[in-house]
Amino acid sequence: MRVHTTDPAFLDLLQNRYAGFVGSSDRAEIDFDVDLSQSSSVDPDADVTVTQRKGKWSLQRGDFRAEWEPASRRGWVRQSLNPYSIDAVLRIVHTLVLARQGGFLLHSASAIRNGKAFLFAGVSGAGKTTISRLAPPDATLLTDEISYVRKQSAGYIAHGTPFTGELAKLGENVSAPISTLYLLAQGPENRIDPVDPAEAARSLLANVLFFAEDEELVQATFHSAFEFVSRVPVARLTFRPDARVWELIG
């Protein structure tokens, strides 16, 4: 994805916010022109609307308006000088792209250990930041907030993302095959319990990021979730805020 801007301050903001994820290639699958407004109103908690009409996607929230046309791979964003708006646009567009490829963005932490990726999903407070903070030195953090899941013929790959949670630490720009999805729960002991396929699919769908009001993509996302849990082990990880939990992982 390539972002065009004439504002040097915004360019510096992007360089710093996505450090480690900024490439030098002239090739891009998506181009966005970003126009900055003088409005100081930023409401990243406002409702998001994502709709499609005549081949163009319209994205809108209290702090931005955007449009993206997949056929031309071009779009525009109108926003104020802040990092939250461009973050949201990038996430939304990637959910649209991944939905057609059998992948998704997942509200989860993820890390690589011994060459395999592990996902840790859960609602706010379930322990994504805690499990990330407790990771041992031989684990590579991909994200403590939003995991990037891509489908490939041999399975699923987790990629690092620059989207951070409470840990406020950028993930590494690397990837690995996904070994296990853990559904997080905090408890008095560290243990792993099996999860039946129906519960696994429900829990996965509850944590998938998806915003579009589009029946075709909704159906594709449901199909992707059920296919994922049929190919990737899903278990419940109950843990104490103790680094020894990682003795069970990887």
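Buried means under 20% relative accessible area, exposed over 50% and partly exposed in between (1.4 Å probe, protein chains only). The model is predicted, so local features need pLDDT of at least 70 and side-chain atom pairs pLDDT 80 or more, while totals for chains, interfaces and linings use all residues. Residues are numbered from 1 along each chain as its sequence is written, and side-chain values use heavy atoms, with hydrogens and water left out.

**View 1. Serine 110 is a buried residue of strand β7.** The relative accessibility of serine 110 is 1%, and the residue therefore counts as buried. Strand β7 covers residues 104-113 (strands are DSSP runs of E, at least two residues, and helices runs of H or I, at least four, numbered from the N terminus).

**View 2. Lysine 54 and asparagine 114 each have a positive phi in a loop between two strands.** Lysine 54 is placed in the loop that joins β3 (49-53) to β4 (56-61). Its phi is about 55 degrees, although lysine 54 is not a glycine. With a relative accessible area of 70%, lysine 54 is exposed. Asparagine 114 sits in the loop between β7 (104-113) and β8 (116-121). Asparagine 114 is not a glycine either, and its phi is positive at about 55 degrees. The relative accessibility of asparagine 114 is 57%, so asparagine 114 counts as exposed.

**View 3. Helix α1 has a buried side and an exposed side.** Phe10, Leu13 and Leu14 are the buried residues shown in α1. They cover an arc of only 95 degrees around the axis, and therefore lie on the same side of α1 (the arc is that of the directions from the helix axis to the C-beta atoms). Pro8 and Asn16 are exposed on the other side of α1. The packing partners of the buried residues of α1 are β1, β2 (31-36), β6 (74-79) and α2.

**View 4. Helix α4 lines up its buried residues on one face.** Ala200, Ala201, Ser203, Leu204 and Asn207 are buried in α4. Viewed down the helix axis, these buried residues fall within an arc of 165 degrees, so they line one face of α4. The face turned away from the buried side carries Arg202 and Ala206, both exposed. The buried residues of α4 pack against β7, β8, β12 (175-186), β14 (208-209), α5 (215-231) and β15 (234-239). Serine 203 belongs to α4, which spans residues 197-207. At 18% relative accessibility, serine 203 counts as buried. Valine 123 is 80 residues away from serine 203 along the chain, and their C-alpha atoms are separated by 9.9 Å.

**View 5. Threonine 130 is a partly exposed residue of helix α3.** Helix α3 is made up of residues 128-133, with threonine 130 among them. The relative accessibility of threonine 130 is 22%, so threonine 130 counts as partly exposed. Threonine 130 touches Phe239 and Pro241, not counting residues up to four places away in sequence. The C-alpha atoms of threonine 130 and alanine 109 are 9.7 Å apart, with the two residues 21 places apart along the chain.

**View 6. Two domains are assigned to the protein chain.** The assignment gives domain 1 (2-99) and domain 2 (104-248) (bounds come from an automatic or database assignment). The contact takes 20 residues from domain 1 and 24 residues from domain 2. The C-alpha centres of domain 1 and domain 2 lie 25 Å apart.

**View 7. The largest pocket lies between domain 1 and domain 2, because both give residues to its lining.** On a 1 Å grid over the protein atoms alone, a pocket is an open set of points where a 1.4 Å probe fits, with protein on both sides within 12 Å along at least five of seven lines; lining residues have an atom within 4 Å of a point. The volume of the largest pocket is about 1200 Å³ (the space filled by probe spheres set on the points, which are joined across faces, edges and corners). The lining has 29 residues, and Met1, Phe21, Val22, Gly23 and His94 are the closest to the pocket centre. By class, the lining residues divide into 15 nonpolar, nine polar and five charged (nonpolar: Ala, Val, Leu, Ile, Met, Phe, Trp, Tyr, Cys and Pro; charged: Asp, Glu, Lys and Arg; polar: the others, Gly among them). At least two lining residues come from each of β1 (2-4), α1 (8-17), α2 (83-99) and β10 (146-152). Helix α2 gives the most to the lining, with four residues.

How values were computed:
Contact = heavy atoms within 4.5 Å.
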